[in-house]
Amino acid sequence: MKTFVLLMAPALALLVWTVLRRRRQQRRHRFIESYVFAPHLRDAVRQTWPQLDDTALRDVERGLRQFFRISLAARGQKVAMPSKAADELWHALILDTARYQHFCRQAFGRLLHHTPALVMRAQAHGAEPLRRTWRLACRDEGLNPRQAAALPLLFALDTDLSIPGGFRYAPDCTRPEDAGAW
């Protein structure tokens, strides 16, 4: 009996650890979903794109929320930001340092760093962070990443909102100007 207990202890510890990790992820996911963006953050986005109405700004918030869910699901692996509109809202939140620090602590258990796309490319990460974002965004919306019939919100946002100079994607996750890059 003693041998059985000693053999089962690591399995039980792994089970407890797995359950606790899953609960922590669920709690963080709920926090991201229920987070209320401060009104001044919307105003910052509207300064850049004054044509965006309240409905469009809610879509930008939903896009950033999706990015945060993707970042949580990536578990520390690099992900890319495929929307200029959502990135603008993220920048506004980052500049509200105390609010951003609190958000990150609750949502990720750590600070979520912002790595500009040019720096990410220079660090030789290539297209993998964008591919990972695509896969996780498709999973977030229940789409097949290999045969998505539509773009996930985060990839469609700039086109849908007619963001000047925004990123444009096709359902195979290419940007028309980058067609050969994948």
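**Salt bridges and a helix pair, close up**

**View 1. Aspartate 140 is partly exposed, with a relative accessible area of 32%.** Buried here means under 20% relative accessible area, exposed over 50%, and partly exposed in between (1.4 Å probe, protein chains only). You're looking at a predicted model, where local features need pLDDT of at least 70 and side-chain atom pairs count only at pLDDT 80 or more, while totals for chains, interfaces and linings use all residues. Residues are numbered from 1 along each chain as its sequence is written, and side-chain values use heavy atoms, leaving out hydrogens and water. Arginine 69 counts as buried, at 14% relative accessibility. The two residues form a salt bridge (a side-chain nitrogen of Lys or Arg within 4 Å of a carboxyl oxygen of Asp or Glu), with the closest N and O atoms 2.6 Å apart. This pair ties together distant parts of the chain, 71 residues apart: aspartate 140 sits in helix H7 (residues 128-141) and arginine 69 in helix H3. Helices are DSSP runs (H or I, at least four residues), numbered from the N terminus.

**View 2. Arginine 46 and aspartate 54 meet in a salt bridge, 2.8 Å from N to O.** Arginine 46 is partly exposed at 29% relative accessible area, and aspartate 54 is partly exposed too, at 41%.

**View 3. Arginine 99 pairs up with aspartate 96 in a salt bridge, their closest N and O atoms 2.7 Å apart.** Arginine 99 is partly exposed, with 34% relative accessibility.

View 4. The structure holds 9 salt bridges.

How values were computed:
Helices (H or I, at least four residues) and strands (E, at least two) are DSSP runs, numbered from the N terminus.
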